[in-house]
Amino acid sequence: MAHDGLGIDGLNLRDSCNSAPISEDAQQGVSENDGGIQITCFSEVVNDSTLHFQIIRLEKQIYAWIGCNSSKLGRLYAAAPTRPANLVSVTSILDGASDNTGSGIARRLVVKTGVNIILACNIPKNNPTLEADAERLLMQKLVSLGYRRPKPDGSSV
Amino acid sequence: MGSSVAEFPVPQKTLTLDIKGNKTDLVICRYDDHIMVIVTQIGAMGTILHARKEEGVSIDPTFNISVVFGKRDEPMMVACARQLIEHISNSRASRQLVLSLGLKDHSSETLKGVVSAVIENRLW
């Protein structure tokens with residue numbers, strides 16, 4: 001299976017998905033789901049932690065799950081651009097009362113892509129480096145899948 | 001050659017079916033502690049419900065179902081989540097359920113169709 005070149009240095013890239021219909025990157029141009037839901041999964045090892053990413057793309061929304069060393073669902077957040085100004089609102093909808101690791105990721109994903117996002121994240125708290133790495137990897141993948149918010153002057157972010 | 005690639009730790013299944021004339025996409029994922037079911041006819045997740053079995057001493061189990069995002073005035077959606085969590089609990093899995101319903105209509109026929117499709121394609 002060809003691996004796309006995300007150009008990530010110092011990381012162990014393992015691109016693994018199970019047998020359910022899953023679409024590949026836009027760069028590879030293979031889509032197994034016709035116009036409906038597309039799922040992208042991959043895992044990366046970062047500093048002895050394994051981060052798992054699952055991105056489910058709906059027509060008007062993205063659901064993403066970030067797993068750190070486990071397959072627990074974690075905390076669930078919803079984030080969306082809200083009118084009138086281009087502000088982004090984020091709320092925790094499951095389990096996010098005392099630990100809001102992940103809410104910042106959700107908010108910044110919406111800022112950068114402009115799409116409604118539901119994010120599930122089980123990264124442990126007090127680990128900002130891991131959180132930042134997870135956000136960077138997820139954002140890279142979303143950009144490679146075509147999610148990029150154009151700047152007001154027409155060029156891409 | 002290095003060690004074999006591990007499988008992605010979250011088993012999942014997607015399918016598309018027709019419920020009362022509406023194209024419905026279904027995604028079922030099995031996390032360690034939750035089952036996530038996404039049912040959409042509108043291209044978005046819609047209303048999100050959370051359901052769990054209450055631990056208690058009585059023989060008959062009780063369940064807690066709540067809408068955590070979206071429409072709170074559709075009892076049929078709550079009933080749909082209730083049926084699914086009971087089914088999950090009956091099969092000895094102690095997982096909680098996160099159910100997202102993005103439906104064009106909330107009639108009991110549609111929701112019965114959703115319940116039977118999910119159970120038929122269950123991952124628990």
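**Figure 1. The contact between chain B and chain A takes 31 residues from chain B and 33 residues from chain A.** The model shown here and in the other views is predicted. The area buried between chain B and chain A is about 2,700 Å². Carbon and sulfur atoms give 68% of this buried area. On the side of chain B, the residues that lose the most area to chain A are F8(B), Q12(B) and Y31(B). Together, F8(B), Q12(B) and Y31(B) account for 25% of what that side buries.

**Figure 2. One salt bridge is counted between chain B and chain A.** In this view, D32(B) forms a salt bridge with K72(A). The closest N and O atoms of D32(B) and K72(A) are 3.0 Å apart.

**Figure 3. W65(A) and F8(B) form an aromatic pair.** A pair of aromatic rings is described by the distance of the centres and the angle of the planes. For W65(A) and F8(B), the distance is 6.1 Å centre to centre, and the angle between the planes is 85 degrees. The arrangement is edge-to-face, because planes over 60 degrees apart count as edge-to-face. W65(A) belongs to strand β4 (residues 61–68) of chain A, whereas F8(B) belongs to the segment before β1 (12–19) of chain B, so the pair joins two chains. Is W65(A) buried or exposed? W65(A) is buried, its relative accessible area being 0%. F8(B) also counts as buried, at 3% relative accessibility. Ring pairs link W65(A) and F8(B) with Y31(B) into a cluster. Over all chains, the structure holds 3 aromatic pairs.

**Figure 4. The charged end of K141(A) sits over the ring of F42(A).** The distance from this charged end to the centre of the F42(A) ring is 4.8 Å. Both residues shown in this view belong to chain A.

**Figure 5. R108(A), K112(A) and E135(A) are linked in a network of salt bridges.** E135(A) lies in helix α2 (residues 128–144) of chain A and R108(A) in helix α1 (residues 103–113) of chain A, so their pair ties together parts that are 27 residues apart in sequence. E135(A) is buried, with a relative accessible area of 10%. R108(A), by contrast, counts as partly exposed, at 30% relative accessibility. As background to this view, chain A has 2 helices and 7 strands. Along the sequence, these elements follow the pattern β-β-β-β-β-β-α-β-α. Of the 157 residues in chain A, 52% are buried. Among contacts in chain A between residues at least 6 apart in sequence, 54% join residues at least 24 apart.

**Figure 6. Two salt bridges of chain B are shown, R82(B) with E86(B) and E54(B) with R52(B).** The side chains of R82(B) and E86(B) meet at 2.7 Å, N to O. How many residues apart are R82(B) and E86(B) in helix α1 (residues 75–90) of chain B? They are 4 residues apart, which means that about one helical turn separates R82(B) from E86(B). R82(B) is partly exposed, with a relative accessible area of 32%, and E86(B) is partly exposed, also with 32%. In the other pair, the side chains of E54(B) and R52(B) meet at 3.4 Å, N to O. E54(B) is partly exposed, with a relative accessible area of 28%. R52(B) counts as partly exposed, at 30% relative accessibility.

**Figure 7. C29(B) and C80(B) are shown as cysteines of chain B, C29(B) being in no disulfide and C80(B) likewise being in none.** A disulfide is a covalent bond between the sulfur atoms of two cysteines. A search of the whole structure finds 0 disulfides over all chains. Which cysteine sulfur is nearest to that of C29(B)? The nearest is that of C41(A), 8.1 Å away. C29(B) is in no disulfide, because the sulfur atoms of a disulfide lie within 2.5 Å. C29(B) is buried, with a relative accessible area of 0%. For C80(B), the nearest cysteine sulfur is that of C29(B), at 16 Å. C80(B) is buried, with a relative accessible area of 2%.

How values were computed
Residues are numbered from 1 along each chain as its sequence is written. Chains are lettered from A and ligands numbered from 1 in the order in which they are written. This is a predicted model: local features need pLDDT of at least 70, side-chain atom pairs count only at pLDDT 80 or more; totals for chains, interfaces and linings use all residues. Side-chain values use heavy atoms; hydrogens and water are left out. Rings of Phe, Tyr and Trp (its six-membered ring) pair if their centres lie within 6.5 Å; planes under 30 degrees apart count as stacked, over 60 as edge-to-face and the rest as tilted. Buried means under 20% relative accessible area, exposed over 50%, partly exposed in between (1.4 Å probe, protein chains only). A charge sits over a ring if NZ of Lys or CZ of Arg is within 6 Å of the ring centre and within 35 degrees of the ring normal. Contact means heavy atoms within 4.5 Å. Buried area is the accessible area (1.4 Å probe) that two parts lose on being put together, summed over both. A salt bridge is a side-chain nitrogen of Lys or Arg within 4 Å of a carboxyl oxygen of Asp or Glu.
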